[in-house]
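Have a look at it first.

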Amino acid sequence: MYPIHINLSGRTVVVAGGGLVAHRKINDLLNEEAIITVISPAAVKEIQEWHAERKLTWIEREVERADLEEAFLIIAATNSKEINSWIAEQTSSKQLVNVVDQPDLGNFIVPSVVKRGKLILSVSTSGASPSLSKSIKKELQQKYSEDYETYLDFLFQCRSIIKKEYPEKNRKDLLTKLTDRSFLYNEEKQRAYKQELLKKIDRNLVNEPINE
C-alpha cells in the first residue's frame with residue numbers, strides 16, 4: 001500500500017449503506033467538504049439528520065450501477081457481502097473504492113487517524129490487526145495533545161512570513177528555530193516570536209537575528 005492524503009473538497013463521494021459502519025465512514029468525511037451521497041433503503045438516525053441538515057444527500061433505495069458512474073470515491077458499506085462485492089465489480093479502475101468487509105476487492109483502505117489541526121497521523125496494519133491499529137491510535141492521541149493544533153497554526157503562519165519576507169540565506173535557521181519544543185506549550189512565546197518576525201519586516205531588519 002502507498003500511503004497518501006487526498007483532498008476531497010468538491011469531489012463526489014458515494015457511500016452505499018446506512019448502518020453504523022457507514023455512519024463511521026461518513027462522520028470522517030463530513031469535514032472534508034466532499035459532496036456526499038448515501039444510498040440505502042434505511043439509515044441510522046444520524047445519517048437522516050445529516051440529510052435533513054443538507055450535509056449530505058440520502059437516497060432511500062438500493063444502490064444502482066448508475067449511482068456509481070460519476071463518483072470519485074466509493075465506499076461499499078452495506079450489510080451484504082454480495083452487494084458490496086457487486087459494487088466493487090461495477091466500478092472503474094480510475095475510481096477509488098473501499099469495500100469495508102472485503103478490503104481486497106477495493107483499491108484503498110481507511111487507516112486509523114489522529115487529527116490535531118493541520119497535523120494528521122495515520123496508522124495502518126494493512127488489515128493484519130485492526131485492534132493493534134486502534135491501540136496505537138490511542139497512544140498517539142495521548143502523546144500528541146490538542147496543543148499541537150495551535151502549534152501547527154503557529155508554524156504555518158511563521159513559515160509563510162519567513163518564506164515570503166526573509167532572504168533565503170536566513171530562512172533555514174529561522175525555520176529550524178520554530179521546531180524548538182519550548183514553543184509547543186507556550187502560546188505567549190509563539191505570539192512574541194511571530195510579532196518579532198513582523199516587526200523586523202516593518203523596520204527592514206530581516207537580516208538581523210531574532211531575540212525570543
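Glu 33 is exposed, at 58% relative accessible area (exposed means over 50%, buried under 20% and partly exposed in between, with a 1.4 Å probe and protein chains only). This is a predicted model, where local features need pLDDT of at least 70 and side-chain atom pairs count only at pLDDT 80 or more, while totals for chains, interfaces and linings use all residues. Residues are numbered from 1 along each chain as its sequence is written, and side-chain values use heavy atoms, leaving out hydrogens and water.

Most residues other than glycine have a negative phi. Glu 33 isn't a glycine, yet its phi is positive, at about 60 degrees. Arg 54 also has a positive phi without being a glycine. Here they are together:

| Residue | Phi | Loop | Relative accessible area |
|---|---|---|---|
| Glu 33 | about 60 degrees | between H1 and S2 | 58% |
| Arg 54 | about 65 degrees | between H2 and S3 (57-59) | 79% |

The H and S labels are DSSP runs numbered from the N terminus: helices are H or I with at least four residues, strands are E with at least two.

## H1 and its two sides

Helix H1 covers residues 20-29, and its buried residues are Ala 22, His 23, Lys 25, Ile 26 and Leu 29. Down the helix axis they fall within an arc of 165 degrees, so they line one face of H1 (the arc is taken from the directions from the axis to the C-beta atoms). Leu 20, Arg 24 and Asp 28 are exposed on the other side. What do the buried residues of H1 pack against? Their partners are strands S1 (12-16), S2 (35-39), S4 (73-76) and S5 (96-99), plus helix H2 (45-52).

## A buried glutamine

Gln 95 sits in the loop between helix H4 (81-90) and S5. It counts as buried, with 7% relative accessibility. Its side chain reaches the backbone nitrogen of Ser 92 at 2.8 Å. Beyond neighbours within four places in sequence, Gln 95 is in contact (heavy atoms within 4.5 Å) with residues including Leu 68, Phe 72 and Asn 107.

## H6 against H7

Helices H6 (residues 147-165) and H7 (residues 168-178) pack at about 170 degrees, with axes 10 Å apart. They are therefore roughly antiparallel (an angle over 145 degrees). Among the residues making the contact are Phe 154 and Ile 162 of H6 and Leu 174 and Leu 178 of H7.

Technical notes:
Polar contact = N/O pair within 3.5 Å; in protein donor to acceptor, adjacent residues only side chain to side chain. Axes fitted to C-alpha atoms, helices over the stretch in contact; angles between N-to-C directions. Parallel < 35°, antiparallel > 145°, perpendicular 65-115°, else oblique.
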